[in-house]
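Please examine the structure shown below.

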Amino acid sequence: MNRFTDQHLTEALKQGDATAFKELVETFRDMVYNTALGIIQHEADAEDVAQEVFVQVYQSIGTFRGEAKLSTWLYRIAVTKALDHVKKQHRKKRWAVVYSLFGEQQETVAAAADFHHPGVLLDNKERAAVLFKALEQLPDRQKAVFVLHKLEGLPAKEIGEVMQMSQATIEGLLHRARNNLRKLLEKYYRNEQE
Amino acid sequence: MKKKDKQQEIEAIMRSLDGAGRASAGDFFFTRLQTRLQQKSSSAWERATGWIARPAVAITGLLLILLLNSIIVVRQVEKLADGTDQASLQAFAEEYRLEVPTFYDNTDKTE
């Protein structure tokens with residue numbers, strides 16, 4: 001989508017044009033969903049977060065000044081909301097552990113099953129599941145940068161615009177993410193052998 | 001697993017997302033989104049009336065109003081009872097000249 005269409009769409013959205021909103025959703029829904037899915041690793045939750053992203057866009061389009069591309073803005077909201085969701089889930093799990101210590105009945109926190117991304121080639125399914133397991137353990141920013149780069153194919157410059165960081169910072173984060181993933185995978189294989 | 005094989009496997013895992021396609025959101029994504037938007041955009045007034053109409057809130061509110069009314073009524077009755085007693089006694093005493101004459105009342109008359 002080029003800048004003119006972006007501008008046109010933004011103007012129409014600001015005027016409350018329902019057709020423009022539908023067009024926006026149809027154009028970007030898979031992009032937003034795929035980003036959320038990469039970070040959350042749960043299909044239903046990712047769809048929920050993707051919808052929340054569009055709700056926020058609908059409610060706050062008036063504040064969008066058009067300095068960045070619409071897609072950049074959407075990526076930014078999606079990443080923030082997906083990371084918030086993961087944090088919330090972790091908090092829930094921690095409280096569930098605390099409650100279980102006091103013997104209070106809580107929903108049982110089942111160990112997360114392997115996540116299989118629907119877009120991954122069949123030959124790579126098992127390996128990708130191992131990679132996603134390791135990805136879960138990365139710090140937020142490294143996780144977001146890795147997902148945007150690997151699953152959405154964004155170059156460092158564009159990721160920088162999404163994350164509001166310099167290209168060099170993004171490259172550094174990507175480098176650290178790869179190193180940390182390798183270390184986690186080595187640890188995984190060491191534990192497998194024991 | 002040999003060290004070399006392990007390293008190769010790790011590299012293969014690192015490349016496992018290469019060429020992955022985009023995951024697609026469900027078929028009725030927009031319909032569900034519209035429903036969510038309608039729920040969210042219900043006006044503040046609708047939300048307030050909805051909250052008030054909840055049985056727990058409505059009953060508590062009603063009980064509070066009744067309690068306040070009872071307190072006010074009891075206080076008013078007490079105040080009225082005190083006031084009427086005094087007034088009626090005074091009126092009765094004046095009617096039948098039952099006031100207790102004082103020393104000053106007598107001196108006024110003699111002068």
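## Chain B and its interface

The secondary structure of chain B consists of five helices and zero strands, where helices (H or I, at least four residues) and strands (E, at least two) are DSSP runs numbered from the N terminus. This is a predicted model: local features need pLDDT of at least 70, side-chain atom pairs count only at pLDDT 80 or more, and totals for chains, interfaces and linings use all residues. Residues are numbered from 1 along each chain as its sequence is written, chains are lettered from A in the order in which they are written, and side-chain values use heavy atoms, without hydrogens and water.

Of the 111 residues in chain B, 14% are buried (under 20% relative accessible area, 1.4 Å probe, protein chains only). In chain B, 28 residues are in contact with 42 residues of chain A (heavy atoms within 4.5 Å). The size of an interface is often given as the accessible area lost when the parts come together. Two areas are listed here.

| Area | Value | Share from carbon and sulfur atoms |
|---|---|---|
| Buried between chain B and chain A | about 3400 Å² | 61% |

Buried area is the accessible area (1.4 Å probe) that two parts lose on being put together, summed over both. On the side of chain B, B:Met14, B:Leu17 and B:Phe29 lose the most area to chain A, together 21% of what that side buries.

Key
Buried < 20%, exposed > 50% of the residue type's maximum accessible area, 1.4 Å probe, protein only.
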